[in-house]
Amino acid sequence: MEIAGYIQRKSMLYQTGVEYGDYTMNHVLGCAHGCKYPCYAFMMKKRFGQIDLYENWLKPYLVENTLELLDREIPRLKKKIKSVQLCFTTDPFMFGYDEIAEMSMKSIRKLNENGIKCCILTKGLLPVELADMSKENEYGITLISLNENFREKMEPFAAGYRERLESLRTLHDRRCKTWISMEPYPTPNLIKQDLGSLLENVGFVDKIIFGRMNYNPVVTKYTEHRHFYNECATEVIRFCEMNKIQYHIKEKTITEE
């Protein structure tokens with residue numbers, strides 16, 4: 001698929017306030033995956049007047065001067081940077097968008113050549129060529145279910161869950177560091193599923209991040225949502241400790257009931 005067009009930016013690398021992040025870059029405006037949790041990135045961009053309608057958010061624009069900005073900013077910042085996350089407000093391997101993936105690969109390569117580790121998160125497919133990059137990199141996918149009907153409802157234009165998982169397993173098999181973002185995990189009134197089964201399917205990864213679903217009125221209508229997320233978090237912790245997997249439970253996932 002083709003991007004909607006190109007934009008220029010004045011800067012690329014910045015320090016993020018996200019609890020498990022360091023520096024980040026967002027070299028695309030918008031995301032075509034159409035997530036309906038709702039999309040936090042869209043909500044923030046709309047709040048600050050950078051985008052108006054969700055329909056326009058689904059038409060991604062590529063930052064055409066991404067590599068030039070990295071060339072300018074890396075020498076100044078690389079002593080401060082522990083890692084760069086791709087991405088927090090878009091997707092570096094947006095499903096079906098080869099031009100975006102190509103820019104992501106070039107950016108990762110440039111950062112690695114300067115001794116900077118990259119942490120990748122996608123709802124698309126991770127290219128096998130990533131295995132040839134720095135072994136310090138961490139490659140992740142968002143995976144909150146294995147039910148394709150649910151995926152088509154909540155992430156209509158993202159890659160299929162099984163395909164997504166297989167691309168991650170391929171990198172694991174090539175001795176890459178892999179991780180799962182199991183966020184925003186849905187409550188049973190959105191979908192009834194077995195968390196244990198999902199965990200077993202991702203048990204090969206090095207790290208799992210688990211978090212609740214926010215900003216969705218359907219979740220708060222489920223009166224047991226606090227108890228539900230407390231139990232889920234406990235199950236994730238138990239599974240990770242038993243299997244020697246690193247884990248991070250997002251803030252406000254565990255609460256007083």
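Visitor: What makes H3 and H4 count as being in contact?

Guide: Contact means heavy atoms within 4.5 Å, and Thr 66, Leu 67, Leu 70, Asp 71 and Ile 74 in H3 meet Met 103, Lys 106, Ser 107, Lys 110 and Leu 111 in H4. These residues divide into 5 nonpolar, 2 polar and 3 charged; Ala, Val, Leu, Ile, Met, Phe, Trp, Tyr, Cys and Pro count as nonpolar, Asp, Glu, Lys and Arg as charged, and the others, Gly among them, as polar. The model is a predicted one, in which local features need pLDDT of at least 70, side-chain atom pairs count only at pLDDT 80 or more, and totals for chains, interfaces and linings use all residues. Residues are numbered from 1 along each chain as its sequence is written, and side-chain values use heavy atoms, with hydrogens and water left out.

Visitor: Why is H3 called roughly parallel to H4?

Guide: The axes of H3 (residues 66–77) and H4 (residues 98–113) come within 10 Å and cross at roughly 15 degrees. Angles under 35 degrees count as roughly parallel, so H3 is roughly parallel to H4.

Visitor: How do you know whether Lys 82 is buried or exposed?

Guide: Lys 82 has a relative accessible area of 69%, so Lys 82 is exposed. Lys 82 lies in the loop between H3 and strand S6 (83–86).

Terms used:
Axes are lines fitted to C-alpha atoms, for helices over the stretch in contact, and angles run from 0 to 180 degrees between N-to-C directions. Helices (H or I, at least four residues) and strands (E, at least two) are DSSP runs, numbered from the N terminus. Angles under 35 degrees count as roughly parallel, over 145 as roughly antiparallel, 65 to 115 as roughly perpendicular and the rest as oblique. Buried means under 20% relative accessible area, exposed over 50%, partly exposed in between (1.4 Å probe, protein chains only).
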